[in-house]
Amino acid sequence: MNIQSLHHLYQQRLPEIEKTIDIKSNGNADLRQEGLFGAYQALRIDPFGSKGFLLNKATWEMVSSWRKGKSVD
(Lines give C-alpha, C1' and ligand atoms only; values in the text may rest on other atoms or scores of the structure.)
Protein backbone atom coordinates (compact mmCIF):
# COMPACT_ATOMS: atom_id res chain seq x y z
CA MET A 1 0.00 0.00 0.00
CA ASN A 2 1.46 3.36 -1.00
CA ILE A 3 1.30 6.54 1.08
CA GLN A 4 -1.52 8.11 -0.96
CA SER A 5 -3.83 5.13 -0.59
CA LEU A 6 -2.96 4.89 3.12
CA HIS A 7 -3.81 8.57 3.59
CA HIS A 8 -7.08 8.13 1.71
CA LEU A 9 -7.99 5.11 3.85
CA TYR A 10 -7.14 7.11 7.00
CA GLN A 11 -9.46 9.92 5.89
CA GLN A 12 -12.25 7.39 5.32
CA ARG A 13 -11.81 5.66 8.70
CA LEU A 14 -11.25 8.82 10.76
CA PRO A 15 -14.93 9.77 11.33
CA GLU A 16 -15.69 6.46 13.04
CA ILE A 17 -12.90 6.83 15.63
CA GLU A 18 -12.33 10.57 16.01
CA LYS A 19 -15.08 11.19 18.58
CA THR A 20 -13.82 8.39 20.83
CA ILE A 21 -10.26 9.74 20.64
CA ASP A 22 -11.56 13.22 21.52
CA ILE A 23 -13.34 11.82 24.58
CA LYS A 24 -10.32 9.81 25.74
CA SER A 25 -7.99 12.81 25.37
CA ASN A 26 -10.14 14.94 27.73
CA GLY A 27 -9.69 18.03 25.56
CA ASN A 28 -5.88 17.81 25.62
CA ALA A 29 -4.74 18.71 22.09
CA ASP A 30 -1.39 16.90 22.44
CA LEU A 31 -3.04 13.66 23.57
CA ARG A 32 -5.59 13.96 20.75
CA GLN A 33 -2.76 14.34 18.26
CA GLU A 34 -0.98 11.30 19.68
CA GLY A 35 -4.19 9.29 19.46
CA LEU A 36 -4.75 10.23 15.83
CA PHE A 37 -1.13 9.39 15.07
CA GLY A 38 -1.56 6.03 16.79
CA ALA A 39 -4.59 5.27 14.62
CA TYR A 40 -2.56 6.14 11.53
CA GLN A 41 0.22 3.80 12.67
CA ALA A 42 -2.33 1.05 13.23
CA LEU A 43 -3.52 1.42 9.64
CA ARG A 44 0.06 0.98 8.48
CA ILE A 45 0.21 -2.32 10.39
CA ASP A 46 -3.21 -3.58 9.27
CA PRO A 47 -5.05 -1.46 6.68
CA PHE A 48 -8.24 -3.44 7.21
CA GLY A 49 -8.07 -3.58 11.00
CA SER A 50 -11.19 -3.23 13.10
CA LYS A 51 -12.33 -0.08 14.85
CA GLY A 52 -11.24 -1.64 18.14
CA PHE A 53 -7.75 -2.29 16.79
CA LEU A 54 -7.37 1.35 15.72
CA LEU A 55 -8.69 2.66 19.04
CA ASN A 56 -6.46 0.31 21.03
CA LYS A 57 -3.34 1.58 19.23
CA ALA A 58 -4.56 5.18 19.63
CA THR A 59 -5.12 4.67 23.36
CA TRP A 60 -1.68 3.18 23.92
CA GLU A 61 -0.03 6.01 22.01
CA MET A 62 -1.82 8.51 24.27
CA VAL A 63 -0.77 6.59 27.39
CA SER A 64 2.83 6.38 26.19
CA SER A 65 2.93 10.11 25.44
CA TRP A 66 1.38 10.94 28.83
CA ARG A 67 3.94 8.78 30.65
CA LYS A 68 6.89 10.25 28.75
CA GLY A 69 5.55 13.78 29.05
CA LYS A 70 6.19 14.71 25.43
CA SER A 71 4.23 14.62 22.20
CA VAL A 72 4.94 14.34 18.47
CA ASP A 73 5.52 18.10 18.21
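Arginine 32 forms a salt bridge with aspartate 22, and the closest N and O atoms of the pair are 2.5 Å apart. A salt bridge here is a side-chain nitrogen of Lys or Arg within 4 Å of a carboxyl oxygen of Asp or Glu. Arginine 32 lies in helix α2 and aspartate 22 in helix α1, so this pair ties together parts that are 10 residues apart in sequence. Helices are DSSP runs (H or I, at least four residues), numbered from the N terminus.

The model is predicted: local features need pLDDT of at least 70 and side-chain atom pairs count only at pLDDT 80 or more, whereas totals for chains, interfaces and linings use all residues. Residues are numbered from 1 along each chain as its sequence is written, and side-chain values use heavy atoms, with hydrogens and water left out.

Arginine 32 has a further partner. It also forms a salt bridge with glutamate 18, with the closest N and O atoms 2.5 Å apart. Glutamate 18 belongs to helix α1 and arginine 32 to helix α2, so the pair ties together parts that are 14 residues apart in sequence. As for accessibility, arginine 32 is partly exposed at 27% relative accessibility, glutamate 18 is partly exposed at 25%, and aspartate 22 is partly exposed at 31%. Salt bridges that share partners join Glu18, Asp22 and Arg32 into one network. In these terms, buried means under 20% relative accessible area, exposed over 50%, and partly exposed in between (1.4 Å probe, protein chains only).

Arginine 13 pairs with glutamate 16, the closest N and O atoms being 2.9 Å apart; both residues are in α1, three residues apart, about one turn of the helix. Arginine 13 counts as buried at 13% relative accessibility, while glutamate 16 is partly exposed with a relative accessible area of 35%. The count of salt bridges comes to four.

Helix α2 itself covers residues 29-45, which is 17 residues. From its first C-alpha to its last it reaches 25 Å, close to the 24 Å expected at 1.5 Å a residue; the expected span is 1.5 Å times one less than the number of residues. At the start of α2, a side-chain oxygen of asparagine 28 reaches to within 2.9 Å of the backbone nitrogen of aspartate 30.

The buried residues of α2 include Leu31, Leu36, Tyr40 and Leu43, and Glu34 is also among them. What covers the buried residues of α2 includes α1 (3-24) and α3 (51-68).

How values were computed: Helices (H or I, at least four residues) and strands (E, at least two) are DSSP runs, numbered from the N terminus. Contact means heavy atoms within 4.5 Å. A polar contact is a pair of N or O atoms within 3.5 Å; within protein, one must be able to donate a hydrogen and the other to accept it, and residues adjacent in sequence count only if both atoms are side-chain atoms.
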